[in-house]
Amino acid sequence: MVNFIEEINFSNSSNWVGVSEYVTLILLFAALGVFIYLAVIARNIRSFQFQISIFIVIWISGELIDAFQNSRIFNFPSLQEEFGLQIHVIAMVFFSMLLWIRFYYSERTGKRMIDNVMIDNVDDNNNVDVSGSSSK
């Protein structure tokens, strides 16, 4: 059950902390929308864009719960006090698993983990020439 604790009052201009909490919530919702949109348009679960968007959505969800509890807009009595931080841990575990699985898959199949490197600038020892000139 969610309880509405306090009313939003912007009339007190000296309360910048309160105003910044609401701005943070608005920006978090905007970022959440952007990354949900990016995950939807990726359309391929194996694409890095989809996977990193899901990681960021999980991370922002934890931040939103933490911001709601800290700003006292909503009280989540059924949730623990540190629930937002636990979601952050879940996001970090997901991110590390994502990287390890992608690394294992690339080693097993012999593919490169780097997607958009110009092939002309990579020599036989997998060294990338960042100067822009080809080594051929």
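**Figure 1. Overview of the predicted model.** The model is predicted, so local features need pLDDT of at least 70 and side-chain atom pairs count only at pLDDT 80 or more, while totals for chains, interfaces and linings use all residues. Residues are numbered from 1 along each chain as its sequence is written, and side-chain values use heavy atoms, with hydrogens and water left out. The protein has three helices and two strands, in the order β-α-α-β-α from the N terminus. Helices (H or I, at least four residues) and strands (E, at least two) are DSSP runs, numbered from the N terminus. Of the 136 residues, 24% are buried; buried means under 20% relative accessible area, exposed over 50%, and partly exposed in between (1.4 Å probe, protein chains only). The accessible surface comes to about 10,200 Å², and 62% of this belongs to carbon and sulfur atoms. Areas come from the Shrake-Rupley method with a 1.4 Å probe, and for residues only the protein chains shown count as cover. Among contacts (heavy atoms within 4.5 Å) with a separation of 6 or more, 56% are between residues 24 or more positions apart.

**Figure 2. Helix 3 and its buried residues.** Helix 3 has 27 residues and reaches 39 Å from its first C-alpha to its last, close to the 39 Å expected at 1.5 Å a residue. The expected span is 1.5 Å times one less than the number of residues. Its buried residues are Gly 84, Ile 87, His 88, Ala 91, Leu 98 and Ser 106. Just after helix 3, Gly 110 takes a positive phi of about 80°.

**Figure 3. Surroundings of Ile 87.** Ile 87 is found in helix 3 (residues 83-109) and counts as buried because its relative accessibility is 12%. Leaving aside neighbours within four places in sequence, Ile 87 is in contact with Ile 58, Ser 61, Gly 62 and Ile 65. Ile 87 and Trp 59 are 28 residues apart in sequence and 6.9 Å apart in space, C-alpha to C-alpha.

**Figure 4. Ser 53 in helix 2.** Ser 53 lies in helix 2 and is buried, with a relative accessible area of 2%. Apart from neighbours within four places in sequence, Ser 53 is in contact with Phe 35, Leu 38 and Ala 39.

**Figure 5. Aromatic pairs.** A search of the whole structure finds four aromatic pairs. The rings of Trp 100 and Phe 103 have their centres 6.0 Å apart and their planes at 85°, so this pair is edge-to-face. Rings of Phe, Tyr and Trp (its six-membered ring) pair if their centres lie within 6.5 Å; planes under 30 degrees apart count as stacked, over 60 as edge-to-face and the rest as tilted. Trp 100 and Phe 103 are separated by about one helical turn because they are three residues apart in helix 3. Trp 100 counts as exposed at 61% relative accessibility, whereas Phe 103 is partly exposed at 37%. Ring pairs also link Phe 55, Trp 59 and Phe 95 into a cluster.

**Figure 6. Arg 43 in a loop.** Arg 43 lies in the loop between helix 1 and helix 2 (48-71). Phi of Arg 43 is near 60°, a positive value in a residue other than glycine. Arg 43 is exposed, with a relative accessible area of 78%.
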